[in-house]
Amino acid sequence: MPIRKTLLASGALLALFASQTMADTTLRLSTQMPPSHHSVKALETFKSEVEDATDGSLKVQIHPAGQLFKGPDLPMAVGSGAVDMGDMVTPYVAPIYPDLALLDGPFMVDSPEVARRLYEQDLKQVLDDRFGRLGMKVVAVHPYGYFSMYGTNARPIETPADMKGLSIRAVDKTQILKAQAVGAKPEAIPGSEQFMAYQRGTVDVGQTGPSSFVSRKLYEIFEHGAIIRDDLMVFFLTINKGVWEGLTPEEQAAVEAAGQKLSDTSWDLMLEEEKAADEFLPQHMKVVFVDHDDLQPWRDAFSGVNAKLAEDAGERGKEIFDIIVRVRTELGAD
């Protein structure tokens, strides 16, 4: 009898352990950014908070640097369930919803104040609807940072005229239109392939954010840099709707709470990263900071880009354009 009771007890413990193991869920999260980027560090905090809140029953497995999917493939990958979660920027979604390209239009969303007002209030329902139709739920909106830093070995870039005739990295329609507006030749290069492409001289001008110039070590390649903060790009952290509906109410609450905290706290981290990049990059490159009165030539050069984006997107484009203009006016951003 003692032996039988021991075996029964052991079996019960094994069954309990097996049921707990089977109940654990792992969410695979794909991002294009390298581990050193502030956005991935923020995702690490998100991961820890989800796992702590669920006592480890819900785990988050982060795959950085495009290890699972390249950035442009993320909307389809998350929407189809090929990966559970994805951290994606607007250029990955804009080919599906052209109206969203205006979110990265020059001098449209160019400050944390404008961005937070739009993403947390005026455009929240619009964005939830767009992503929902693709089979995704938006868990958090957090900043990538300012996108428009240009690096080159050709010549210093201070005005739009300095870009004329040069080939430049441009990964979506907005960037293509901006390149054409200054007389440059756009070339598509994925974010994770930038270093090798620039090293090989595939294009004359590299384009990404100041923080990415640091995290991807692009300062090792280029002699000259120009920083023009006309586009504050954000990440949409999304989860497949089927996966979301399969979570328990407690797990959903943990994900939402961690997502809300990510949305709330990442802005200060982004600004710190931008400041650190501004201090670091001039030690390794000849950097021109284009701001205040020096921005007017760039505003003039890009003046037709947003109108073109809105026109091509039809009524939806006009809706987004009008909302952004109204918010900018109400906040005194212009």
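Start by selecting Glu158, Asp291, Asp293 and Asp294, which together form a negative surface patch in this predicted model. Keep aspartate 291 selected and follow the chain on either side of it: this residue sits in the loop that runs between strand 11 (286–290) and helix 12 (296–301). Aspartate 291 is classed as partly exposed, because its relative accessibility is 35%.

Next, move to threonine 31, which belongs to strand 1 (residues 25–31).

The following two stops concern backbone geometry. Select alanine 65 in the loop between strand 2 (58–63) and helix 3 (74–80), where you will find a positive phi of about 55 degrees, although this residue is not a glycine. Alanine 65 has a relative accessible area of 30% and is therefore counted as partly exposed.

Finally, go to phenylalanine 107, which is placed in the loop between helix 4 (90–93) and helix 5 (112–122). Phenylalanine 107 is also a residue other than glycine with a positive phi, here near 60 degrees. Is phenylalanine 107 buried or exposed? Its relative accessible area is 8%, and phenylalanine 107 is therefore buried, since the cut-off for that class is under 20%.

Definitions and conventions: Residues numbered from 1 in each chain as written. Predicted model: local features only at pLDDT ≥ 70, side-chain atom pairs only at ≥ 80, totals over all residues. Heavy atoms only, no water. Patch = residues over 30% accessible without salt bridge, like charges linked within 9 Å, V, L, I, M, F, W, Y side chains within 5 Å. Areas by Shrake-Rupley, 256 points an atom, 1.4 Å probe, with all protein chains shown as cover. Salt bridge = Lys/Arg side-chain N within 4 Å of Asp/Glu carboxyl O. Lys, Arg positive; Asp, Glu negative; His and termini not counted. Charge placed at Lys NZ, Arg CZ, Asp CG, Glu CD. Helix = DSSP H or I, 4+ residues; strand = E, 2+ residues; numbered from the N terminus. Buried < 20%, exposed > 50% of the residue type's maximum accessible area, 1.4 Å probe, protein only.
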